[in-house]
Amino acid sequence: MTYASAVADAIRESDIDVVGYVPSVTIAPVIKHLIKAREQSLSAPNVIQLSREEEAMGVLGALPFAGKLGAVIMQDNGFGNALTAMTTFLQSYHLPLLIFANTRGGLGEYNSMIHSISQPMPGVLRAFGFAVFEIDFSLDEKKWGQVVREAVVHAVMTYRPVVVLASFWGTDGKVA
């Protein structure tokens, strides 16, 4: 089991119907696991690529209106694009959604420009009232899966979007 497969397995096991993602090299292994699972079984979540984070919030956030549940996989700097959709749509209409985002700007970050948007993001999200759970190398991959599954339960129970911020630095992921 890898960190990426633990996340993908947890999403598959959480009754998620559709996963939308905005491409990022760090989360590509998670997406590959989900796409492979879908190719092997139509009972696995459908996986769709989206071009922007606010598009992902609109498309996946609307699924509860049809009795379905979605998840968004993205990079944390995309919250700069998505906050309006998250607050005025997801929060206002009490729509459960798992948002799994890899973090940038922490240990191992090589891009000096990404720190300005990524480092304050957990606090920014909490300031807007989002439940945020953070995971990193201090937890083994089984705990990552457990956090993702519990985040989905929390989203459904509270009728709210829930954010899991994951730093792949120091895990089996090769990039920050």
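User: Hi! Is Arg12 buried, exposed or partly exposed?

Analyst: Hello! This is a predicted model, and in it Arg12 counts as partly exposed, because its relative accessibility is 35%.

User: Which residue does Arg12 form a salt bridge with?

Analyst: That would be Asp9, and the closest N and O atoms of the pair are 3.0 Å apart. Both Arg12 and Asp9 lie in helix H1, three residues apart, which is about one turn of the helix. Asp9 is partly exposed too, with a relative accessible area of 24%.

User: Why can side chains like that pair up?

Analyst: When charged atoms come close, side chains of opposite charge can pair.

User: OK, and how many salt bridges are there in the whole structure?

Analyst: A search of the whole structure finds four. Among them is the one where the side chains of Arg52 and Glu54 meet, at 2.9 Å from N to O. Another joins Arg126 and Glu134, at 3.2 Å from N to O.

User: Are Arg126 and Glu134 buried or exposed, or something in between?

Analyst: Arg126 is partly exposed at 41% relative accessibility, and Glu134 is partly exposed at 48%.

User: New topic: backbone. Which non-glycine residues have a positive phi?

Analyst: Asp15 has one of about 60 degrees, and His94 has one near 55 degrees. For context, most residues other than glycine have a negative phi.

User: Where are Asp15 and His94 found?

Analyst: Asp15 is in the loop between H1 and strand S1 (18-21), while His94 has its place in the loop between helix H4 (79-91) and S4. Asp15 is exposed, because its relative accessible area is 64% and exposed means over 50%. His94 is partly exposed, at 42%.

User: Last one. Which residues form a nonpolar patch on the surface?

Analyst: Leu107, Phe137 and Trp169 do, and together they have about 300 Å² of accessible area.

User: And where does Leu107 sit?

Analyst: Leu107 is in the loop between strand S4 (97-102) and helix H5 (115-118). With 55% relative accessibility, Leu107 counts as exposed.

How values were computed: Residues numbered from 1 in each chain as written. Predicted model: local features only at pLDDT ≥ 70, side-chain atom pairs only at ≥ 80, totals over all residues. Heavy atoms only, no water. Patch = residues over 30% accessible without salt bridge, like charges linked within 9 Å, V, L, I, M, F, W, Y side chains within 5 Å. Areas by Shrake-Rupley, 256 points an atom, 1.4 Å probe, with all protein chains shown as cover. Helix = DSSP H or I, 4+ residues; strand = E, 2+ residues; numbered from the N terminus. Buried < 20%, exposed > 50% of the residue type's maximum accessible area, 1.4 Å probe, protein only.
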